[in-house]
Amino acid sequence: MLELIGVTKTVGGQTHIHPTDLALERGSLNVLLGPTLSGKTTLMRLMAGLEKPTTGEVHFDGKNVTGVPVQKRNVAMVYQQFINYPSMTVYENIASPLKVSGESPDVIDREVKRAAELMRLTPYLDRQPLSLSGGQQQRTALARAIVKKASLVLLDEPLANLDYKLREELREELPKIFSASGSIFVYATTEPSEALLLGGNTATLHEGRVSQFGRTISVYRHPRDLVTARTFADPPLNTVPAVKHGAAFMLGDAGVDGASRLPVPAHLATIQDGPLTLAFQPHHLSLSEPFAGAPRLPVTTQISEIAGSESFVHVTHGNSRWVMLAHGVCDLDPAMQVDVSVDIRHLMAFGEDGKALAQVPAEEPARAR
Amino acid sequence: MARITLEHLRHAYGPNPASPQDYALREVNHSWDDGGAYALLGPSGCGKTTLLNIISGLVRPSEGRILFDGQDVTQFSTEQRNIAQVFQFPVVYDTMTVYDNLAFPLRNRGLSEDVVNKRVPEILDMLELTSRARKKARGLTADLKQKISLGRGLVRSDVNAILFDEPLTVIDPHMKWVLRSQLKRLHRQSGFTMVYVTHDQTEALTFADKVVVMYNGEIVQIGTPAELFERPKHTFVGYFIGSPGMNVFPVAIEGSKARVGGMDIELGYAPAVSANQKTELGIRPEFMELSRSGMPVRIRKVEDIGRLKIVRAEFAGQPVSITLPEDTEIPAEPHVVFRDNGIHIYADSWRVGREA
């Protein structure tokens, strides 16, 4: 198990990482999710021993390894930029960590071929990395990290430079490869959809702070605060200021007195009357009716973005700008008035301090898988 | 603005090309409308960058001609073609202010400060850079610098076309939403002919009126986003557009039936296929429904990705993906139903439609 205990990092008086506690189990996949400069890379470097924490301790399997440099720890890293030895073949590249650790030729051959098979590199083993596509080069780097059987594997946006189709396929395969290895995997990404496809656990990062850590799907569905909900939303989270008044939320910004309201769903019935922020995901806004009697709100269309299987329609409601998910290709003309339904069963409510109201107990991070 | 005609273009990087495999770009013969928004979409190595470089004048095609509004520009340099380009990585002058960076393409062409002072603030406003106008470009983040590059591409109003080469690669996802919508709005406002190269389906489908899908040096389909999603002409289009892509598996065609693993799927028409062709059935994950009746299916894994569930299953011995809405229950004894309008038959990878 890798533990960060009260770890901070300050550089030149600037706080890069606020006090952080994290415990990552063996055989687990842990996603660090946050925008650029939120602290993902710094946190990884602290985990690897490439940086020493300003305060706090790093423990590995109960042993204090704070300040133990990366060379003396069994760590593998894969970066966004593909890093391979250009003069070696793909085979030699994958074999290199095994040679360094003095494995026998038989073991090396078996492990290299197994990793190559997993990464679909078998036809390219005799080629040199630079003659391969970006995807193949990155898979070579991934294969090298996997054969190393490191106890900690750090992947810093490893798929960011690849075609999205290849990313799609590798995202589906990587969790299988990870769960077979028994290492602790830490995977940094800026993309919420990537975290969801990978599954496992997710720590959301915002301005050097871990805002929440738990099972990925649980953090997505039950964010403890608005910061986490926003970090875990792409396209941006839909929000609207509102006032709870008995059985109704009066949407505060529509400009028409009391005309725009939503019924309070059962899971939010216990929260107190007063001002709050309502939030919901794009797929909870739709042209169709998600359930019988779903409330509808008037919106004005802005622009439609088409993602192949789905489309994201940007709309406004009063002063609020929202995004609605539509199935298939949906290219609505701008400036149309339409009524859309809100799936209030998934509505989230946050208090003025940004904390979730009517909290659902979040699931613990997944243990060994 | 110009209409762009690609006349029997072919390109090989090596000398003496003999077979189609020797061509990075196989025969392209198309005409693109003045003021249209086109995207060249495909994986790396598909030939899209070669085609873009032929349009911009960086590469002379081995065969064929390129015309702007009927004028042969095949031998023209990039500058003579009068086009603006935005590249994958930012091209900005660090020592200049944001304002001067945007003014540069105008001043370089000898336009008056009146024009500069009218045009630059418009672009600053559009890209939400007004507050940084007087700051030096040095020290800005990569995505701000790339916004400046976009602005430099958009600032001139006298260009024949604007070419974009994967311009959003370095942009954070949160910012991509903003820039994608801004580019689309900008196209509608400006009426520029724009050609946008990308491997990202969302960027291509959002931006373009017509998407040009390329595969192995060939254009496999030119169509509106809806056409590409609803009626992929080639199995590659089915695979490449949509996430997950279209399920494609081999079938035997017998009259109006497709037979796979002992099951018959009624097509409602008899596809015109010949006996020696490889025949396949394609159906997108969105057009398959799990239910209590229908054809049996074995579920291997259910991935909950929040807004939907991706069911990885085995149908008649073939791996398939099925997508279901967030709150769908998975039946205990699952069966699958194919929605009629989602079934496509392919012969040697090309669609054989009802209308064919």
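Predicted model: local features only at pLDDT ≥ 70, side-chain atom pairs only at ≥ 80, totals over all residues.

Modeller: A word on domains before anything else: their bounds come from an automatic or database domain assignment.

The part I'd pick is helix α2 of chain A, residues 90-100. Take its packing against helix α4 of chain A (residues 134-147): the angle is about 25 degrees, and the two axes sit 8 Å apart. Anything under 35 degrees counts as roughly parallel, so α2(A) and α4(A) get that label. The way α2(A) passes α4(A) is a right-handed crossing. Which residues do the touching? From α2(A) come A:V90, A:N93, A:I94, A:S96, A:P97 and A:L98, and they meet A:T140, A:A143, A:R144 and A:V147 of α4(A). Sorted by class, this contact has six nonpolar residues, three polar and one charged.

Now turn to another neighbour of α2(A), helix α3 of chain A, residues 105-118. Here the packing angle is about 130 degrees, and the axes are 9 Å apart. Angles from 65 to 115 would count as roughly perpendicular, and those over 145 as roughly antiparallel, so α2(A) and α3(A) end up oblique to each other. The crossing of this pair is right-handed. On the α2(A) side you'll find A:Y91, A:I94, A:A95, A:L98 and A:K99, and on the α3(A) side A:V107, A:I108, A:E111, A:V112, A:A115 and A:A116. By class that gives nine nonpolar residues, no polar ones and two charged. If you click on A:I94 and A:L98, you'll find them in the contact with α4(A) and again in the one with α3(A).

Let's step away from the helix and look around the rest of chain A. Strand β1 of chain A (residues 2-11) is joined by seven bridges to strand β2 of chain A (residues 14-24), and the two run antiparallel. As a landmark there, A:V7 stands opposite A:T20 in β2(A). The hairpin of β1(A) and β2(A) has two residues between the strands, and A:G12 takes a positive phi near 55 degrees.

Against that, A:D61 has a positive phi, near 45 degrees, though A:D61 isn't a glycine. You'll find A:D61 in the loop between β4 (55-60) and β5 (63-64) of chain A. There's also a cis peptide bond between A:D234 and A:P235, with omega about 5 degrees. A:P235 sits in the loop between α8 (226-231) and β11 (238-245) of chain A.

What about the partner chain? Chain B is divided into domain 1 (4-235) and domain 2 (245-351), whose C-alpha centres lie 37 Å apart. Where those two domains of chain B touch, five residues come from domain 1 and nine from domain 2. Chain B has a cis bond too, from B:S243 to B:P244, with omega near -15 degrees. B:P244 is in the loop between α9 (235-240) and β11 (247-250) of chain B.

Chain B also has an open sheet of four strands, in the order β2-β1-β4-β5, with antiparallel pairing. Its edges are β2 (25-32) and β5 (71-72) of chain B; each has a single partner strand, so one side of each has no neighbour in the sheet. Five bridges pair β1(B), residues 4-11, with β2(B), and B:I4 stands opposite B:W32 in β2(B). Helix α1 of chain B (residues 48-56) lies across β1, β2 and β4 of chain B, running at about 125 degrees to β1(B).

Last, the two chains together: their contact takes 32 residues from chain B and 32 from chain A. On the chain B side, the elements giving two or more residues are α6 (173-190), α7 (201-207), α8 (225-230) and β18 (298-304) of chain B. By class, the chain B side has 11 nonpolar, 11 polar and 10 charged residues.

Note on methods: Residues numbered from 1 in each chain as written. Chains lettered and ligands numbered in written order. Axes fitted to C-alpha atoms, helices over the stretch in contact; angles between N-to-C directions. Left-handed = near helix turned anticlockwise from the far one by under 90°. Contact = placed C-beta atoms within 7 Å. Nonpolar A, V, L, I, M, F, W, Y, C, P; charged D, E, K, R; others polar. Pairing = 2+ DSSP bridges.
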